[in-house]
Amino acid sequence: MNYAETLGVKAKEAEAVINSAPTAVKNKALTAIAELLIDKTEYITEQNNIDLENAVKNGMSVSMQDRLRLTPERIKGMADGVMKIVELTDPVGQITDGYTRPNGLQIIKTRVPLGSIGIIFESRPNVTVDAAALCLKSGNAVILRGGKEAINSNKCLCGIMREAVEGAGLPADVIQLVEDTSRETASDMMRLNEYLDVLIPRGGAGLIKAVMSQATVPVIQTGVGNCHVYVDESADMDMAVDIADNAKTQRPSVCNAIESLLVHKNIAEEFLKRINERYKKHSVEIYGDSITKSILGENISDATETEYATEFNDYKIAVKVVDGIDEAIAHIRKYGTGHSECIVTKSLDNAKKFQTQVDAAAVYVNASTRFTDGGEFGLGAEIGISTQKLHARGPMGLTELTTVKYLINGNGQIRR
């Protein structure tokens, strides 16, 4: 039995307890997690600083360091997020449908936990807490595998959560961390069919592709966000500038930040000059087509197929001037990843057309793509943004971490 299998065995044992745990017990454990995170803020930041020092030594980009960093404010934010999950309705046991058949059979459709969940993610230690808390509230055991860049932070956070969970009367193994960050162990985890009911990768395109190609466990694809803002001819110029700025620069390292900007040719000159002034404040590197370069100058880098297809996760953006909404939609169909897309427009017809024809988990009219988030959608924290269509799509909150069970009650019926 390899290392990943030993974790799988423990997860299944813990699953047998957590999947039927009362809501009050789960909430007690979550409250204890939130309190202990605050109490141990200094210890968490100490361990996180070790990861940050290593990141600098290894040449990690500034934007990726931001994903890794845990400040007292962010730790409080994690604790607050856990408490929001406490306040959410427990989906386990909810009856979603019920009816009586002509033969007298009473059929009830109810929500139950998925079981044991594996989560593979990159250098965002806040995911460690969000994911564990959501799995716990929805009655699932979880095995977490973070990137080596955040190993000290993740070990610290998981230790704190396991202590809190055990203190609340639940098995510590409801939450487990893969402390061996080798590729071999990750590959072993992707093949834990006997122990894991689902695997959720959360990270960049490289991670998602690796998991999708190697895993034999069922996978829910999340995270890859090549997102766009299309500025229509009728757009309110001030609004368009604010949205394009916020969607790129508010936090460029996350999956709901935009990577490409599409602009109607009739307003391109005014808009591009205004957004360029905003982007200069953040030193955003612009890749543009020939029209963009003619407007903004030859210092703009060429936008090729590569740039339009890239999730930068950085202060970089690809720009294209288009003839109209049809070309914008065609561009998104070619390069988009089904995450979040936005149109800025005053035209109700174009707004409806964009939302109808653009195939993505979240399609916005006149609002920043940065809102594609479990907390912003009122779901509490989320385990990721699903960009696929089976089982779950969009922010994956508590309900998306459950499945259904049919309960059938009879009084002796037999099928003839």
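In strand β13, Val363 is the bridge partner of Glu341. The model is predicted, so that local features require pLDDT of at least 70 and side-chain atom pairs count only at pLDDT 80 or more, whereas totals for chains, interfaces and linings use all residues. Residues are numbered from 1 along each chain as its sequence is written, and side-chain values use heavy atoms, with hydrogens and water left out.

Strands β12 (residues 340–344) and β13 run parallel and are joined by four bridges; strands are DSSP runs (E, at least two residues) and helices likewise (H or I, at least four), numbered from the N terminus. Two strands are taken to pair if DSSP finds at least two bridges between them. The open sheet comprises seven strands with parallel pairing, in the order β10-β9-β11-β8-β7-β12-β13. Its edge strands, β10 (301–302) and β13, each pair on one side only.

Helix α11 (residues 268–280) lies across β7 (227–231), β8 (258–264), β9 (285–288) and β11 (316–322), and runs at about 150° to β8. Angles run from 0 to 180 degrees between N-to-C directions, with axes fitted to C-alpha atoms, for helices over the stretch in contact; contact denotes heavy atoms within 4.5 Å. Helix α15 (residues 348–357) packs on the sheet, where it touches β7, β12 and β13, and its direction makes about 170° with that of β13.

The loop between β13 (362–365) and β14 (385–386) contains Asn366, a non-glycine residue with a positive phi of about 60°. Asn366 counts as partly exposed because its relative accessibility is 28%, the class between buried (under 20% relative accessible area) and exposed (over 50%), with a 1.4 Å probe and protein chains only. His391, in the loop between β14 and β15 (394–395), also is not a glycine and has a positive phi of about 70°.
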